[in-house]
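Have the viewer open and follow along.

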Amino acid sequence: MDNKNLKQMAMWGFGLLMLLMLFSSMKTPVVEKEIPYSQFKASLSAGKITEVKVRPDLIRGEYRDDQGKVESFRTLPMNDPNLVGELEAHKVSNFQGEPDRSWMSGLLLNIGGILLFFVLWWFFVIRQVQVGGKQAMSFGRTKAKMMDEKKAKKTTFADVAGCDESKEELSEVVEFLKHPDKFQKLGGKMPRGVLLFGPPGTGKTLLARAVAGEAGVPFFSASASEFVEMFVGVGASRVRDLFEQAKKAAPAVIFIDELDAVGRHRFAGIGGGHDEREQTLNQLLIELDGFEQNQGVILIAATNRPDVIDPALLRPGRFDRQIMVSVPDQKGREAILRVHARTVKMAPDADLSIVARRTPGFAGADLANVINEAALLAARKGKESVELSDLEESIERVMAGPQRRSSVMSEKEKKIVAYHESGHTLVAKMLPGADPVHKVSIVSRGHALGYTLQLPTDDKHLTSRGDILNRLAILLGGRAAEELTFSEITTGAADDLSKATAFATRMVTEFGMSDKVGPLSLKKPEQEIFLGRDMSQGASYSERTAQLVDEEVKRLVTDAQTKAREILTANKKILDDLAQKLFDREVLSGDDIDAILQAAHA
Ligand code: ADP
Ligand code: MG
Ligand code: ZN
């Protein structure tokens, strides 16, 4: 049923109702005088009654009053078996029984009520839906907005900055959308689904739009939260409709935002799944599986919560391409600022690299906001162009404002993280045989505020005791650097410590690498997990051994800490250099690190 039909129906209903109301008002045209039964009988005896209609519940009729005028009357009947005899006796010319029609007026009233209800319903419910979604009553239809690339301003990769890796991965998808036949000829198979994940405001939506823009194909976008709106089954049919539309327009891009709204792990939580969500998710899976390969439709979805996505969605042939869109580093931030400054008049002193340096942790959306706020501030002050002072003020506003969506680091925190990561890096560089450091970064990624990426030079199948001891020292280097520099420790090392403890425990209980404990495997068989600790026969080793294990683990970790401290104390100057560079640049490559170390030794 579409909008027009519905409106028409409502109009009809309304008209009918008016008509009924008119009728019922016309049905009581004569004013009947209500008289007591006694008066009726008296008038009857006086021969004044001319006409009588009798119903079980009502007597109506006409009588001639004192002036000889004919009047209508009504009275309530009484149990009067002689009434007919009397009517005859007094020569009432016309008397008759009357069928009880009261039920009919009752019915009419009811119908009127029902109609009225429908009319009201239409006004309040449907109209609301209409206002909200523009398309009324088309529950099963998708609300997806199709962007006509000719009309809308085309979004391209040039509008997205600071996430070159993500763009590079997506450019393959663009190529496919541009020349599907070329891929077909080569027998190449394209991903059906691409999942973009990353913190809010990092440009996932923008990237998806840019893919369609670059390829010059239609872009259908819908938010998954719209799918799980009202009634069971609606979401599924909207999904179906969305894919149908896109297939008709192929090659095309379908974009589903907030995929986690429907794509959450099924059966998560007590009480099972959410019916509507599950149906919608199933439909989505069906559509994804039903894609003919190379049909020219690509589904791109975005989420901030890749961890809750149902694994079924991530299986090969579904969202088989997963692309991380991360918070930009300093260079990236500068590039994003440039993109947004294109349309704003900037003063010569408005150095965007300064802005980029002062906005660690800002996502693209925050940076767009900085430029926008600065332009507003400048306009309010009646300036000709945006000056550095406006930008600085605007950074503060965005940092404090409610619109800030990503986790922003303060300068102090940034400094601590820089030292922490430098600590890991420096210990790794100073330990002979440790894996080379590939990259160190203080741009937060997921939970981690920073990370040090070590890559082994070749594939290893065996890890020596020395390797693990090195690794322990590197893990403890982060906290050691904080301690050394700030005489204060933070919670930032929690993950390092738990990793270090786990390694040390395995060294002692699994790898037989502790002299005191000896070459024993004290690992518990896996099945015990199901039995629960207390139900199993307890630890398969004695109380004394358990104590020994604890002592050995502690010794290994403490030794590693001592080693890390020694290395960092002996190289404090290099640690400072490294941390400062990292603080400034946020990301350092392996070559950068080598250069800093060389400069220090020179
Ligand atoms: P997400 O979908 O990841 O939450 P959006 O794509 O909706 O983020 O980003 C919101 C706005 O922030 C964009 O419209 C754009 O103006 C700005 N923005 C975000 N990331 C970038 C980026 N990498 N480059 C340029 N602008 C960006
Ligand atoms: Mg978005
Ligand atoms: Zn660490």
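Predicted model: local features only at pLDDT ≥ 70, side-chain atom pairs only at ≥ 80, totals over all residues.

## The zinc site

Start with the zinc ion (ligand 3), which is coordinated by NE2 of H420, NE2 of H424 and two OD contacts from D496, at 2.0 to 2.8 Å. The angles among the four donor atoms run from 52 to 141°, and the site is irregular. Tetrahedral geometry would need all angles between 85 and 135 degrees.

Along the sequence, the donor residues follow the spacing H-x3-H-x71-D. H424 sits in helix α16 (residues 411-430) and D496 in helix α18 (residues 494-509), so this pair ties together parts that are 72 residues apart in sequence. Both H424 and D496 are buried.

## Helix α18

Now follow α18 itself: its 16 residues reach 22 Å from first C-alpha to last, close to the 22 Å expected at 1.5 Å a residue. Besides D496, the buried residues of α18 are A500, A504, M507, V508 and T509. The buried residues of this helix pack against α16, α17 and α20.

## The nonpolar cores

The largest nonpolar core holds 29 residues, and L426, V427, L431, L568, L588 and I593 have the most contacts inside it. Two or more residues come from each of α16, β12 (437-441), α17 (465-486), α20 (543-570), α21 (572-585) and α22 (590-601). Another core, of 27 residues, lies apart from this one and includes F157, V173, F183 and F219.

I593 is worth a click: leaving aside neighbours within four places in sequence, I593 is in contact with T425, K429, V437, V440, L578 and L588.

Technical notes: Residues numbered from 1 in each chain as written. Chains lettered and ligands numbered in written order. Heavy atoms only, no water. Donors = N, O, S within 2.8 Å, 3.2 Å for Na, K, Ca; no water. Tetrahedral: all angles 85-135°; square planar, octahedral: opposite > 155°, others 65-115°. Helix = DSSP H or I, 4+ residues; strand = E, 2+ residues; numbered from the N terminus. Buried < 20%, exposed > 50% of the residue type's maximum accessible area, 1.4 Å probe, protein only. Core = buried A, V, L, I, M, F, W, Y, C linked by side-chain atoms within 4.5 Å. Contact = heavy atoms within 4.5 Å. Expected span 1.5 Å × (residues − 1).
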